[in-house]
Amino acid sequence: MGGHGHGEPYKVPDASTYKVESVAKLVEVKEALARQGLKDPWLRNEVWRYDVKQFGSHATRFRAFMMRGFVLGLGLTAVTVACETLLGGDDHHGHGHDEHH
């Protein structure tokens, strides 16, 4: 286990490095829960999501997710349209509107 004899494939950071107090949004959640007499002992597990240096912002992660494969998809769409045009894409395979009288 762990990389087939090549050492650890990654280093798991110590849990104490993640502090709810370092993320303003999570502090708001913690305070809102406290006002209701509640506490989330697992809130610390969400701190990594807000580490912009390591993981980027929500917007950059969303943009990367949406753009992943876009260039390939756009290229394949262009190839498909070109092939349809060059190989007789004007044949509607019997789906024309004038055929149903």
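Buried means under 20% relative accessible area, exposed means over 50%, and partly exposed lies in between (1.4 Å probe, protein chains only). By that scale E46 is partly exposed, at 29% relative accessibility.

This is a predicted model: local features need pLDDT of at least 70, side-chain atom pairs count only at pLDDT 80 or more, and totals for chains, interfaces and linings use all residues. Residues are numbered from 1 along each chain as its sequence is written, and side-chain values use heavy atoms, with hydrogens and water left out.

**Salt bridges**

The structure has two salt bridges. A salt bridge is a side-chain nitrogen of Lys or Arg within 4 Å of a carboxyl oxygen of Asp or Glu.

| Salt bridge | N to O distance |
|---|---|
| E21 and K30 | 3.0 Å |
| R49 and E46 | 2.5 Å |

E21 is exposed, at 53% relative accessible area.

**Nonpolar patch**

F62, F65, M66, M67, F70, V71 and L74 make a nonpolar surface patch of about 780 Å². Patches take residues with over 30% relative accessible area and no salt bridge; like charges are joined within 9 Å, nonpolar side chains (Val, Leu, Ile, Met, Phe, Trp, Tyr) within 5 Å. Accessible areas come from the Shrake-Rupley method with a 1.4 Å probe; for residues, only the protein chains shown count as cover.

Helices α3 (58–67) and α4 (70–86) each supply at least two patch residues. Helices (H or I, at least four residues) are DSSP runs, numbered from the N terminus. α3 gives the most, with four residues. M67 sits in α3. M67 is partly exposed, at 46% relative accessibility.
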